[in-house]
Amino acid sequence: MTNIAPPEIYATACPHDCPSTCALEVEKLGDREIGRVRGAEDNTYTAGVICAKVARYAERTHHPDRLMHPMRRVGAKGSGQWQQISWDAALDEVAEEFLKREAEYGAETIWPYYYAGTMGLVQRDGINRLGHVKKYSRQKSTICTMLAWTGWNVGTGALYGADPREMAKSDLIVIWGTNAVHTQINVMTHVTRARKERNAKIVVIDPYRNATAIAADMHLCLRPGTDGALACAVMHILFAEGMADRAYMEKYTKGARELEEHLKSRTPEWAAAITGLSVEEIYGFARAYGQTKRAYLRLGYGFSRSRNGCVNMHAASCLAAVSGAWQYEGGGAFHNNGAIYHWDKTLIEGLDAVDPAVRMLDMSRIGPVLTGDKRDLCDGPPVTGLLIQNTNPMDVAPDLAKVHAGFARDDLFVCVHEQFMTETAKMADIVLPATTFVEHDDFYQGGGQNHIMMGGKVIEPLGECRSNHAVICDLAKRLGAEHRGFEMTEMEIIDDTLKKSGWPDAGQLTASKWHDCQLPFEEAHYLGGFAHPDKRFHFTPDWSRMGPDFAEMPTLPDHWDVIDQTDETHPYRLVTAPARNFLNSSFTATPSSLKREKRPTVKIHSQDAAKIGTEDGAIVRLGNKQGSLLLHAEIFDGVQPGTVISEGVWPSKHFIEKIGINILISADAAKPNGGAVFHDTAVWITAEE
Ligand SMILES: Nc1nc2c(c(=O)[nH]1)N[C@H]1C(S)=C(S)[C@@H](COP(=O)(O)OP(=O)(O)OC[C@H]3O[C@@H](n4cnc5c(=O)[nH]c(N)nc54)[C@H](O)[C@@H]3O)O[C@H]1N2
Ligand SMILES: Nc1nc2c(c(=O)[nH]1)N[C@H]1C(S)=C(S)[C@@H](COP(=O)(O)OP(=O)(O)OC[C@H]3O[C@@H](n4cnc5c(=O)[nH]c(N)nc54)[C@H](O)[C@@H]3O)O[C@H]1N2
Ligand code: SF4
Ligand SMILES: [Mo]
């Protein structure tokens with residue numbers, strides 16, 4: 001009998017762009033092999049639960065399609081013809097091309113383009129250090145959080161709220177515009193506790209009966225982009241029926257009188273006409289909310305991804321300030337904990353090298369930028385060089401036809417550092433192979449929770465893969481960029497950043513695995529006052545503080561009717577919600593995720609299907625002025641007629657005509673400070689013969 005030693009277990013954190021940031025335990029089977037991945041039982045937020053796609057992470061790290069070597073394009077752009085080259089040759093070529101373009105057009109012609117493929121602070125944000133030192137174009141990061149954070153901050157003054165673990169102590173949890181079962185499963189852990197231990201009620205506010213709505217006691221299935229109307233009517237009822245906490249408002253809020261006056265005309269009947277909900281549903285929710293002290297608003301991102309998204313987020317956040325639920329444990333509101341970590345990111349991002357005169361390009365408008373829109377280019381030089389890490393704009397960005405046209409430009413030199421041959425990598429001139437999180441050191445912060453987490457390397461890099469940090473430092477040398485951050489290891493940067501930010505150092509964090517940064521109850525619930533200078537929650541938001549494009553924004557919570565409304569030609573509203581087994585376009589290469597998601601579809605109400613003349617499994621064409629695409633119809637009555645849903649983000653190659661759903665998504669920058677409007681699209685639908 002042979003004695004097989006149990007695998008070594010390493011503590012780390014999930015690197016993906018998910019509010020849960022789970023504490024993980026990874027089995028190490030060999031120098032270059034991981035086994036099972038589990039959620040840490042002893043982390044109070046993760047509590048042993050992780051999503052299925054990350055539990056199967058070995059499938060992703062050891063995928064046969066992982067990029068293993070640097071490659072140079074030899075055929076036409078996008079032809080898929082590559083030649084394997086050495087790291088030195090690849091980096092030399094990138095540097096040479098960038099320097100040549102810089103000499104011709106100035107440094108702003110190079111655009112380091114990145115997002116959150118890994119949420120590790122060093123590997124994600126280090127690219128900014130190179131950009132700042134070189135005075136390359138800066139990125140305005142609008143693709144995800146801009147609308148939600150702006151809408152939250154304008155009311156509370158800061159990006160934090162009631163401890164997410166407090167949901168377990170609530171009597172009513174409102175899951176608003178987040179499909180938690182898909183996008184952050186750990187919310188359900190704490191919600192389920194409240195239900196089991198306290199018989200708490202769960203309300204879901206979402207335009208479709210998604211997996212989270214199925215688990216709820218009440219589902220308000222409203223039209224997309226109408227949450228402001230719902231919030232106003234709920235507050236109208238709170239005021240009208242004596243459920244508004246006037247003493248609380250007197251002490252803690254600004255604008256309560258104006259708000260009450262303004263809401264008189266925002267009746268449940270008014271909101272019913274806008275949202276498509278019944279008056280009874282609105283009363284039912286308002287009374288349940290108003291009569292429960294421990295009522296917790298868990299506000300997600302989904303309902304902010306509209307042209308009126310900031311206004312809707314603010315309106316929803318007002319509920320807790322009218323009811324006074326903030327005063328109670330298990331009550332109040334939460335969206336994200338970004339502000340509790342008070343990072344000093346000078347070293348990671350090279351903030352000491354920032355030149356505010358360097359232009360900022362809106363990442364969500366990469367299509368217009370690459371196709372030469374003068375306004376997007378701030379009247380500056382064209383972008384002729386892209387360095388891409390951690391993101392896949394050829395699939396995920398709005399106005400995909402323009403993005404594809406931009407990447408096809410012959411004069412554009414593109415270097416993509418990736419784990420997989422994504423649609424973006426396919427368009428590169430040089431592709432560099434990237435490590436996955438188990439192959440490099442980093443540290444993480446919880447967005448939807450409250451921990452800083454250490455994520456040390458578990459195995460050696462596979463093939464010739466290198467970390468983002470290594471690539472940025474190697475390029476810096478060749479590009480003549482100097483900064484002490486380029487001379488340090490990942491762990492040295494982690495240690496320095498932790499200490500400067502007032503947290504335990506790298507050694508301590510490695511030993512404790514994570515550090516709980518939750519604010520004390522009084523502070524998290526703003527009981528010493530909100531985070532504005534006047535210490536009040538603002539019912540009357542000052543949008544001018546939040547972004548340049550604030551004109552015409554409503555100065556009180558409202559239904560702001562600037563969404564892509566339906567008309568005779570475009571009778572349907574499309575929501576492009578996240579699929580359970582993908583994470584944006586990540587995991588679209590792993591067999592088990594593909595098997596579960598099957599193919600891109602559009603969910604259509606049976607009444608609409610009858611009008612269109614289509615049936616389950618048939619092919620329909622969806623379109624608007626930006627373009628059109630073919631999708632398989634799925635008859636689904638968990639929406640209001642007029643709303644259609646397509647889950648993703650599927651890479652373009654999976655679509656019948658090889659272009660993805662974002663061909664329909666507008667690159668309009670939402671007000672007041674930009675932000676992509678993924679769930680705000682009017683379309684036509686026809687049956688295909
Ligand atoms: N499985 C999986 N998990 C993910 C992701 C993924 O793609 N797949 N993406 C990750 C990322 S990057 C992020 S930012 C988070 C986002 O996670 P969430 O906060 O959940 O936000 P969204 O994914 O945009 O959308 C969630 C829900 O919003 C609903 N919604 C759309 N429009 C409206 C509206 O007008 N009103 C209301 N009330 N609801 C609306 C959609 O129908 C959907 O059910 O999830 C992360 N987690
Ligand atoms: N239709 C529609 N489109 C959407 C959304 C939607 O809801 N609907 N959601 C939007 C949102 S919220 C977001 S945040 C964006 C996100 O979109 P992306 O930022 O493009 O996210 P992913 O598609 O997951 O791509 C991240 C890429 O980073 C790579 N990566 C991961 N780790 C590393 C690493 O350590 N180094 C390097 N070099 N690469 C790495 C992964 O392999 C992956 O290809 O998509 C947006 N697009
Ligand atoms: S739920 Fe989110 S954070 Fe947790 S393992 Fe899955 S993707 Fe990662
Ligand atoms: Mo996101």
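Student: Contact means heavy atoms within 4.5 Å. With that settled, which helix lies across β18 and β19?
Tutor: Helix α22, residues 490-500, lies across these two strands and runs at about 40° to β18. Axes here are lines fitted to C-alpha atoms, for helices over the stretch in contact, and angles run from 0 to 180 degrees between N-to-C directions. Helices (H or I, at least four residues) and strands (E, at least two) are DSSP runs, numbered from the N terminus.

Student: Before we go on, what kind of model is this?
Tutor: The model is predicted: local features need pLDDT of at least 70 and side-chain atom pairs count only at pLDDT 80 or more, while totals for chains, interfaces and linings use all residues. Residues are numbered from 1 along each chain as its sequence is written, chains are lettered from A and ligands numbered from 1 in the order in which they are written, and side-chain values use heavy atoms, with hydrogens and water left out.

Student: In what order do the strands of the three-stranded sheet stand?
Tutor: The order is β18-β19-β20 in an open sheet with antiparallel pairing; two strands pair if DSSP finds at least two bridges between them. Because β18 (442-445) and β20 (514-516) are edge strands with a single partner each, one side of each has no neighbour in the sheet. On average, neighbouring strands are turned by 10° against each other, direction ignored.

Student: How many bridges link β18 and β19?
Tutor: Four bridges link β18 to β19 (residues 451-455) in the antiparallel sense. One pair is D442 with its bridge partner G455 in β19.

Student: And the five-stranded sheet, what is its pairing?
Tutor: That open sheet is parallel, in the order β10-β9-β8-β12-β13. Its edges are β10 (218-220) and β13 (332-334); each has a single partner strand, so one side of each is left without a neighbour in the sheet. From one strand to the next, the twist averages 15°.

Student: How many bridges join β8 and β12?
Tutor: Five bridges join β8 (residues 172-176) to β12 (residues 295-299), and the two run parallel. I175, for instance, has R298 in β12 as its bridge partner. Helix α8 (residues 186-198) packs on this sheet, where it touches β8, β9 (201-205) and β12, and its direction makes about 155° with that of β8. Helix α14 (residues 279-290) also packs on the sheet, touching β8, β9, β10 and β12, with its direction at about 125° to that of β10.

Student: New topic: which residues surround ligand 3?
Tutor: With a heavy atom within 4 Å as the cut-off, the residues around ligand 3 include C14, C18, C22, C51, K53, I185 and N186. By class, eight are nonpolar, three polar and one charged. Ala, Val, Leu, Ile, Met, Phe, Trp, Tyr, Cys and Pro count as nonpolar, Asp, Glu, Lys and Arg as charged, and the others, Gly among them, as polar.

Student: Lastly, the backbone: is the G648 to V649 peptide bond cis or trans?
Tutor: That bond is cis, with omega near 20°, and V649 lies in the loop between β26 (643-645) and β27 (681-687). Another cis bond joins K671 and P672, with omega about 5°; P672 is in the loop between β26 and β27.

Student: What is phi at C378?
Tutor: Phi of C378 is near 55°, a positive value in a residue other than glycine. C378 sits in the loop between α17 (366-370) and β15 (385-389). Most residues other than glycine have a negative phi, and most peptide bonds are trans.
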